[in-house]
Amino acid sequence: MSFPILSILTFFPIVGALSLLLINGENKQRLRQVAFWVSMVEFAVSVPLFFWFNSTTPDMQFVEKIGWIWAFGQSEPIVHYNLGVDGISLLLVLLTTFLTPIVLLSTWTAVEKRVKEFMFALLALETAMIGTFLALDLFLFYVFWELMLVPMFLIIGVWGGERRIYATIKFFIYTMVGSVLMLAAILYLVWFNYRASGGQVITFDLLSLYQTAPTLARSVQLWLFAAFAFSFAIKVPMFPLHTWLPDAHVEAPTAGSVILAGVLLKMGTYGFVRFAMPLFPAATVAAVPFMSILAVIGIIYGALVAMVQPDIKKLVAYSSVSHLGYVMLGLFALTAQGISGGIYQMLNHGLSTGGLFLLVGVIYERRHTRLISEFGGLTKILPVYAVVFMIVTLSSVGLPLTNGFVGEFLILVGTFLGKNPNAKLFALLGSLGVVLGAVYMLWMFQRVMFGPVTNEKNRNMPDLNKRELAYLIPLLVFIMLMGVYPKPFLSRMEPSVQHFLKRFEAVQEAQYAKGPVIARTDSVVKEVR
Amino acid sequence: MHSTSLIALIPLFPLLGVLVNGVSVWRRKELPRKTVGRIAAGSVFLSALTATYLFVRLAQLPDDGKFHQVVFSWIVAGRDADLFSIPFAFTFDRLSAVMALTVCWVGFLIHVYSIGYMAEDPSVGRYFTYLNLFMFAMLLLVLGSNLIVLFIGWEGVGLCSYLLIGFWFEDNEKASAGKKAFIVNRIGDFGFLLGMFFLTWGMAQVGGMSLEYDKLQEAILKLKEMAVTLPGFGTFPLLEIVGVCMFIGATGKSAQIPLYIWLPDAMAGPTPVSALIHAATMVTAGVYMVARMGFLYSLAPFASTVVALVGGLTALFAATIGIAQNDIKKVLAYSTVSQLGYMFMGVGVGAYSAGIFHLVTHAFFKACLFLGSGAVIMACHHEQDIRRMGALWTGRWSEKKMKWTGLTFILATLCIAGLPPFSGFVSKDEILWMAFSTPNSVYPTVHKFIWGLGVAGAFCTAFYMTRLTVLTFGGEYRGGEHSHDFHHALPHEKVHEVPKVMWVPLVILMVGFVSLGFLGKSRIFSGDNAFHHWLAPVVDAGSHEKALLEGPAGALLPAAGEAAAAEDPGHGAVAVHEPAEAPAKEEGGEAEHKLEMMLMGLSVAVAALGVLLGYLVYGVRKVRPPMPSEEKSVGPAHKALLNKYWVDEIYQALIVNPIRVASESLLWKIFDVKVVDGTVNGVARTAKEVSAEGLKLQNGIVTSYAFYMVLGVAVVLGYLILG
């Protein structure tokens, strides 16, 4: 085995977190510094991954695989400690390591109570998130998945706002329902696989299940897909399972919101790309219309409800419903453009929505309110803040030359090119989000930032300080970079996306053999051929 | 195709300006005001020089020559047959050359003017940053070699427009106007995106997803054969759908019915911005797009008819509103909407070079009018109401309050009114003639109707422009006294001409719009339209394809523009078929020539009548527009015009408010809170109750546990045996 970089990435944060225990809890500054530098080292370790990554192969890279749990009568271990990274998870891991130091910097003055525990929770969360992205064994994945939830409950429940308990319970109920279903689905999958192998193989190994699960009967696939999809859809969240999100976001402290929006929601979409879809291709293809409709409803519904929110944070939360609707739409397009766009949009959402939550946090820290009506005319008072806010807003509405455009455009093109008969309709309805996105974002921006200063309390707000700039500028850099030069990111996904698509080729062909609804006149068919 | 690395310099210079000025604004270490302006204007000057140099080199190439530059490969997704690859690339052909030259030089003059206009503004650094950013985006738009690069520019200019309309953001009304512009444009972009999707899909069927103009043009005949079935609507030719969708984008960007409503509000921005963005350049992007996609539109007769018809309707509709407006900038705004309508009328009937020619002349005379209005507003200390102006150009030359502003404004008025020999006459008349003489293949008589709209619009234009000019520059000064309606007053003595840095650009623009008329001079005068000649290889390429498609017989009849081009032996594309056609053409040409002369006489007469009537009403009879307090008692027609036909109010009531109310009460407060959360909380409550019941099972009595265990085993066994 070569250098275990993935294990280091996974466990370094928790080791760092443990070191916090040695520090006196009164020494808040020291705690923050140590936690921050742990996350910075973690980020520094993750960067070479991007450059060492071989973008010509769809295979898992930097794989580490050790037997973990054996069962009676099995020569092979049924559960492995198995980590690996491909073009789909690579960028999500980097997003996590990139956002964590940013989040830690943003909590510098925002969190004053139980600093040690808070820092511990964030670093533990980082370990769990990275583990979830890297796990190639369903059991291991489930362990990390559940592990991830604990710090998040605590972050909302302990450091949250006034209605934090309600929000936490709601989050808990939703997530637990999802987790239980997923556990059941995993066990059933292993069980079915065991039966299908003639009682020979019990395995949680994802890569071998990739080979065998698609051969399961269609009806079995449908049930398993439904169970996985349900639990991931809660996480995304897809309409109509989204109502935990606004509450969780509003009550969570800024750091929690950023992590929640930036990374945790991606667990849902990642779950679809990594598990629900490739394991059950027949079911996936069958589910395309259903999932696409929900995605489109999410896009439009999220945008419309975001539009009328009086609380900025809730507005951003509902905008997440809309943006993740895009991701889902792209993934279920089952075209190279749609899937690349979907993955790209996951990153975009992490940057731009994460950025928006940070920016809301900045003014919340100064004014202790998030109501749009409390603000107005802030551009005059906070000119630098206004520029940053504007750029992040533009990224969120998908203006060309920001990252948002690349994702949205690929998703919509990809959806339009999809093989299912209603692909064009889905793309058309999804494109409405382009208009509505501008409506809710710019309207909010105007009410907060433009106009005269109507609230005297706002007049003495200080502009962004150096620490705040230090964590916002990297976001701006990537918003621009990924908008202007997306190629290094897209090219790393490409082989994995192609590999992913191959699983659906045969099923799609069988499903749509009757021919597309779109008619071509005969002459063209001849000409083309 | 020639490769060069110079094209990228054209948009790059303004981008550097953005960086230099932008960084100094960001760091709040503002450079001296003059330096800021010089950097901004200088960067555009460098772009203009580069564009001119490339233009000269282009002129030395053969007719269909062009420069091409791939900067880098931008979006790439998929592989092999599914490869979707968008290079960040530029094309400098004859069409983009014309656009780049217009944008750069008019833009440069407006930058110079801005130095004077914004001299007192505290945010001058921000202003020039935005203005340079606009130039960057606009140049991407016109130089891009594919639809996506065009779209970057398209959205980019929209952003700059948003930022500059709301430049004085502390005024909520101005900020709202900016937002409205952005959102209405986004509605158009929705159509544009769909058009691109359809095109991409079509290209995927014919063997290569690409949105490069070259590739599209190569594949256009194959695309023409394709049809799309929209479930529930019917089957349509692909190109028609693409054409209509992309035109929806153009109605947003170029302020046509039904999306024109943002442009009058956009006048909230600084006046040089209105001149540059909302008159001369950005709003013409839609016209450029249609001309650029001319190879597609000329094969999409229905979509072209829509373009021409919407253009004609807008031309007349906006012109009528212009008659009753009292804000000097609002009049010009409606006039811009109307003039853009003419351009669409031109490109819609397949007269691409005529449409683009009007675009160019309009850029000069409308920029001159807008900058002139800015000068007037400045001279009158921020007064924009023409009811409070007057006598700015009366008396002897030495006594005239605003010598140069007045002179240029009056000439520009004659130009837009369509009086010979000004360029406005030449370009508008060309469009009207084309509209009249190009038979419509979809609806046989609609072209006459479109022409009629154009002529009626021309009359209104002449009338309202004369009204505007006479009320502003002629008669007596009306801003000097307080009144029931106006509380502030400005003594006549305080009105003054603007500084040289502002009026010199006006004079240069005037020279431009006067001399341009001779460049694209009608065939009537010289028999050779240099402008058309220059553009034909690019914009008539589609008609070449069409000719191939339809075969030699009757190939050249559909568009008289092409017929005219065919008369010119040096013209490549269409001339191929000329020999067989020539004799017949000669005869028909004679009669056609007479008809053209007649119509031209008619349009001059209409324009002259409009000017005359305007002068009689406002100059001789000295009719004054009703004051705000009198506006309630005007007649119904006047009221409709004054209120712009209540279109904004109708949109508000029918679209905006219902969506808002439904989102808030229905979607959020009922569906989200009551239905979904209600269900979840209900489930939670049920679970709690069930578990409370379940708790009773745990009673501590071992025998009952044993009973449950046996029950459980029985159930499992039963399942295994039976199942």
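A cavity, on a 1 Å grid over the protein atoms alone, is a set of points where a 1.4 Å probe fits but cannot get out, whereas a pocket is an open set with protein on both sides within 12 Å along at least five of seven lines; residues that line either one have an atom within 4 Å of a point. Grid points are joined across faces, edges and corners, and a volume is the space filled by probe spheres set on the points.

This is a predicted model, in which local features need pLDDT of at least 70 and side-chain atom pairs count only at pLDDT 80 or more, while totals for chains, interfaces and linings use all residues. Residues are numbered from 1 along each chain as its sequence is written, chains are lettered from A and ligands numbered from 1 in the order in which they are written, and side-chain values use heavy atoms, with hydrogens and water left out.

**Stop 1: the cavities**

The structure holds 12 cavities of 30 Å³ or more, and the largest cavity has about 80 Å³ of space. To find it, select Phe405(A), Phe409(A), Phe151(B) and Arg186(B), which are among the residues of its lining. Next colour α16 (403-416) of chain A together with α5 (147-165) and α6 (172-205) of chain B, each of which supplies at least two lining residues; helices here are DSSP runs (H or I, at least four residues), numbered from the N terminus. The largest share of this lining, 4 residues, comes from α16(A).

**Stop 2: where the chains meet**

Now show both chains, and see that 79 residues of chain A are in contact with 62 residues of chain B, contact meaning heavy atoms within 4.5 Å. The area buried between chain A and chain B is about 6,400 Å², and carbon and sulfur atoms give 72% of that area; buried area is the accessible area (1.4 Å probe) that two parts lose on being put together, summed over both.

Which side chains meet in a salt bridge? Select Lys380(A) and Glu170(B), whose side chains form one at 3.6 Å, N to O, the term standing for a side-chain nitrogen of Lys or Arg within 4 Å of a carboxyl oxygen of Asp or Glu. The count between chain A and chain B is 1 salt bridge. Then colour helix α17 (residues 423-449) of chain A, from which 13 residues come, the largest share of the side that touches chain B.

**Stop 3: the second largest pocket**

Select Lys180(B), Val184(B), Ile261(B), Gln652(B) and Val656(B), which lie nearest the centre of the second largest pocket among its 43 lining residues. About 1,500 Å³ of space lies in this pocket, and α6(B) gives the largest share of the lining, 10 residues.

**Stop 4: the backbone**

Most residues other than glycine have a negative phi, and most peptide bonds are trans. Select Phe239(A) and Pro240(A), where the peptide bond is cis, with omega near 0°; Pro240(A) lies in the loop between α8 (218-235) and α9 (244-251) of chain A. In chain B, a cis peptide bond joins Ile257(B) and Pro258(B), with omega about 5°, and Pro258(B) is found in the loop between α8 (238-253) and α9 of chain B. Finish at Ala255(B), found in the loop between α8 and α9 of chain B, where phi is near 55°, a positive value in a residue other than glycine.
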